[in-house]
Amino acid sequence: MSTALDSLLDLLDLERIEQDIFRGTSRSAVVPRFLGGQVAAQALVAAGRTVPADRSPSSRMNSSRGDPIAHSLHAYFLRMGDPGAPIVYTVDRIRDGRSFTTRRVVAVQHGQPIFHLSASFQTYEEGLEHQADMPPAPDPETLPTAAEMLPRYADRFSDPGMVDRLVEARAAVDLRYVDAPPFGTVGEPREPRSQVWFRTNGKLADDPLLHICMATYVSDMTLLDSVLLAHGRGGWAVGDVVGASLDHAMWFHRPFRADEWLLYDQESPSASGGRGLGQARIYTQDGRLAITVIQEGVVRVRR
C-alpha cells in the first residue's frame, strides 16, 4: 500500500468524540480548499458508524449470501471549507425502520455548517434485476498513469508547480483518463462526455464501509469535466473557470471493490445560469453497474 493511500485512510478514520459526534482532519486539494469528495466520504463514515450492523453500508464484497448494502446519499455543499481546520460531524438518527435506516449528517467548521448529507441504508433483499449496458472502453492497463500523462500538459498551467500538485493529489488513487482531460484540449470544444478508470493505489481491507467511502471520495474528482469539455475550458487548474460543487447524489446498486478497476462514465446534459450538471455511471471491470452519480456545480467563466 502506498504512503499516500495510508494518509487517505487516516483521513477517513474519524475520531469519535461523543456517541453521534465525530471529528476529522482535512488537507488541501489542488486549489486552496479541500476536495468535496473528502467531506462527503467523511460524512458517510460518520453516518455508517451509527447504523445497525445488519444494514451497514456494504458492497457485499465477495460474499455469496448477500450482506446489507448502502442505498443512496444526497449532499449539499454549503460553504467553502478550510483545509487547515478540523471538521466536526454531527449525526442525526432520523429513522431505523424494518428495511431502511436514514441518517442526516451536518459538517461544521468555525461554528458554521459547511456541508449537509442525508444517507439511506438498506438490509439486503432479492428483487427485480436489470441494468444499463457498460459502454465500450479500453483496458485500463493500456492507459497512462497520472505521473505519465500530466507532464505532457505542463505548458497549459501558468503555475510551474501545478503538475506536481496534481500528481500528488492523485497519488492515493490510480486514475487514468481514456481521452485527454479538459486541460489537454483547451480552446477545442468536444462532446460533453468523459471516461476515467480508477482504483486505489493499494489493497484495501474487507471493510464494506471503506470501499463505498473511497468511491464517494473519487466521485467528486472529475464529474464536472464533461461540462468543461463542451466549452473548450481547461478547468480550475488552468484558471479559465472558477467553480465549486453545489450538490451531489449517489445510488449504490451492486457489489464492487474500490481497489479493483472501476469505469467512471460521465456526461453533461446541461449548463446554464452559471451552473453545470454532470451525471455518470460507475461500472466494475466485468460490466456490472455499481453506482449512479449526479452532481451540479458552479461553473463560471473567469472575467
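F198 is buried, at a relative accessible area of 1%. Buried here means under 20% relative accessible area, exposed over 50%, and partly exposed in between, with a 1.4 Å probe and protein chains only. This is a predicted model, where local features need pLDDT of at least 70 and side-chain atom pairs count only at pLDDT 80 or more, while totals for chains, interfaces and linings use all residues. Residues are numbered from 1 along each chain as its sequence is written, and side-chain values use heavy atoms, with hydrogens and water left out.

Next, the rings. Rings of Phe, Tyr and Trp (its six-membered ring) pair if their centres lie within 6.5 Å; planes under 30 degrees apart are stacked, over 60 edge-to-face, the rest tilted. That rule gives four aromatic pairs. One of them is F198 with Y264, edge-to-face, 6.2 Å centre to centre and 70° between the planes. F198 sits in strand β8 and Y264 in strand β10 (residues 262–272), so the pair links distant parts of the chain, 66 residues apart. Helices (H or I, at least four residues) and strands (E, at least two) are DSSP runs, numbered from the N terminus. Y264 is buried too, with a relative accessible area of 1%. Elsewhere, ring pairs join Y153, F157 and F183 into a cluster.

Now helix α1, residues 3–12. Which of its residues are buried? They are L5, L8, L9, L11 and L12. What covers the buried residues includes α2 (36–48), β8 (193–200) and α5 (208–219), where contact means heavy atoms within 4.5 Å.
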